[in-house]
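User: I have a set of terms to go through with you. Tell me what each one rests on.

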Amino acid sequence: MAVVFEKPKSLTSKEFHYCPGCPHGIIHRLVAEAIDNLGIEGKAIGVAPVGCAVMAYDYFTCDMIEAAHGRAPAVATGIKRSLPDNIVFTYQGDGDLASIGMAETVHAATRNENITIIFVNNAIYGMTGGQMAPTSLPGQVTQTSPYGRDVKTAGYPIKVAELLSSLDAPYYIERVAVNNVKNVKHAGKAIEKAFRNQMEGKGFSLIEVISACPTNWGLTPQKALQWVDEKMIPYYPLGVYRDKDKEASV
Amino acid sequence: MAEKVLMKGNEAIAESAIRSGCLHYFGYPITPQTEVAAYMAKRMPKIGGVFLQAESEISAINMVYGVAATGKRVMTSSSSPGISLKQEGISYIAGSDLPAVIVNVQRGGPGLGGIQPSQSDYFQATKGGGHGDYHLIVLTPSSVQEMADLTSLAFDLADKYRMPAMLLADGTMGQMMEPVVLPEPKTCTVDKPWALTGTECKREHNIVNSLYLSPEVLERTNIERFERYKEVEKNETRWEEYMMEDAEYCIVAFGIAARVAKNAIKVLREKGIKTGLIRPITVWPFPSEPIRKAADKVKGFISVELSMGQMIEDVKLAEECKKPVSLCSRSGGMIPDVERIVKSVEEMANGEAK
Amino acid sequence: MTSQILIAGFGGQGILFSGKLLAYKALSEGKELSWLPSYGPEMRGGTASCSVTISDESVGSPIIDNPDVLIVMNLPSLDKYEKTVKKGGVIFVDSTLIARKVEREDVKAFYIPATKMAQDMGTPNLANIVLLGKVLKECPEIGMNGMEEALKKVVSKHPEMYERNLKAVEAGYNY
């Protein structure tokens, strides 16, 4: 019988610990597929964040390191500077990357550090049980914004792709989503490009993946995907925010 | 013998690190250690090394964590407030059993404090500093020569015991120039099968990590680490004894305080007060044994420090209440002078010490 | 034999450089030494000082509480350090910049119009070196030995400075 669908080689056989309906599994798979497609499993070194994906080091077959909260881009910088021929990526959530780790993110970007960042934006702190994230939407109810995010006191969400694309240095920044088949397929291509850029020595590539958190949003997985369509994507428009490949050809 | 050159302590650290095979340095400007970064910035590009001025101390130590995980020799340096910022990363490095060298050229604190020399990060360096059960090997240079020698030693010990080592200096040591014979170039000889290098699809993946969600496993990991610390205590405790053969009073001091103490000892001996010095070269592990032995011979101990009195606690623990221990110290960037040390010892000799 | 030399003045007068020269001189003579600068925001314009200890045996503390030799290039430094000089010590005063005399009678004092001399020689920033020349003359335990070698080392990147510095040393020495 022909095998038509199988687990990517770059994923271990360890079962994911993620909640039912959590897109982390899909995003992990997309990262692993990109690594497989590019044949870089043996050269890849991944940096896991603090957050729901903290145990990502158990799921990828490549060498892995676990970073302190928000510090993944700095850790990745150290690794890449030590081993420039290896392929170094971080996998980070919104609290990790856009709150506690904002300085590390911005400075890795402005150095055009030749690394790949997979940034998962689900507008909430999942691991700690659903607190307000830097990317939580105005009015969004969370454990620490029980009356809805009040922009007067809690400020506005941070649009990471837009913010980083205001810098001169970064090579490639794109925002994608994984809420339907079409978007998932496109996200896979973007992630692969972000890795390929690094292989070609082009520099900093960040893919912001609009994700969902059914558990902490208090929605069914299906409703959560709908919420992504109706609330998240209008606030966080998908698309390419920076691509120096294209700029060069213009 | 190799040529003696004249160097600032901070420069001696940097050059010694390079000669020890450290080709990765991450720093952030802060007085009084900036010369380390400046020296690295100048040299590293010429020898194929990496100098990176990080966006913060926090980033710098996490870059160190990244390089250490790849098995290469790596260093960062800072001064007291910056070292506080690095504590998170140091705890992760210790918890992941990685070798790395951290230099603290201390200045007065707390808070922004001042920029003059201090030893008031003693507790921070020897009692943990960051969160969790761990230790650093802490080396305390007392001359520019030792700035070079102990930096070199720090790399070897860090690799040997898979743990971070700290060079605990002070502003005086960093800023002063003395003749120094630089160590011969060397590289790491320790095998590092745990290092992240890419699996090349030929081995199981390596994971560098300090997360253990099972308390049983975390406890076991900590116990195993402390077994290794015992080895460090057994093999690597270092100190110097100066005029202790016939001493009736024992000064305990390290770094710049030990230098001033040696001058004071000369004055005291001219006055007929037989005083000696035990100078810890490692403050973790602390040289408790020679102090305990000295307690059987001397009439008392004087802990000379550039702090409100931190090391004195270890001196008291070491001598087990056998003899009185008094404190002679200045704080905030001040340095106890010869006169003050002489007076402290005289007070003890006259039974006036509190 | 141990000499403790304290040099003090304004930042920018070459206080640390004078000390460095003495340190290199001691190194080329094969002596033990330490050089300790004041550091921090006073580097430009505020008061600067530099402690140099030269000895036949290993140097204890690099900190100088009571210098054998004091070299001062501004009034605040003379006011501050005159009382600290050892009995029988020597004070060198740049008399272009400091109008008053040394008050103590248990120390020797020399007054050199170093700043004026340096200006007249067309090298106004070498007053520190002129002053140092006089020190080498009047303190035989320090002396001229090793000075040329030290100068070569210290100004190695600017060989044209060697001659000018040497001239300044000689001017002070022969004053």
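Analyst: A salt bridge is a side-chain nitrogen of Lys or Arg within 4 Å of a carboxyl oxygen of Asp or Glu. By that rule, 2 salt bridges cross the interface of chain C and chain B. The model is predicted: local features need pLDDT of at least 70, side-chain atom pairs count only at pLDDT 80 or more, and totals for chains, interfaces and linings use all residues. Residues are numbered from 1 along each chain as its sequence is written, chains are lettered from A and ligands numbered from 1 in the order in which they are written, and side-chain values use heavy atoms, with hydrogens and water left out.

User: Why is the pair C:E57 and B:K266 called a salt bridge?

Analyst: The closest N and O atoms of C:E57 and B:K266 are 3.8 Å apart. The cut-off is 4 Å, so the pair qualifies.

User: What makes residues of chain C and chain B count as in contact?

Analyst: Contact means heavy atoms within 4.5 Å. On that basis, 22 residues of chain C touch 26 residues of chain B. The side of chain C that touches chain B has 12 nonpolar, 4 polar and 6 charged residues. Here Ala, Val, Leu, Ile, Met, Phe, Trp, Tyr, Cys and Pro count as nonpolar, Asp, Glu, Lys and Arg as charged, and the others, Gly among them, as polar.

User: How much area do chain C and chain B bury between them?

Analyst: About 1,800 Å², with 63% of it on carbon and sulfur atoms. Buried area is the accessible area (1.4 Å probe) that two parts lose on being put together, summed over both. C:L27, C:W35 and C:Y39 supply 34% of what chain C buries against chain B, more than any other three residues.

User: Why do β11 and β12 of chain B count as paired?

Analyst: Strands are DSSP E runs of at least two residues, and helices are H or I runs of at least four, numbered from the N terminus. Two strands pair if DSSP finds at least two bridges between them. β11 and β12 of chain B have 4 bridges, so they pair. They run parallel. One bridge partner is B:G276 in β12(B), facing B:C250.
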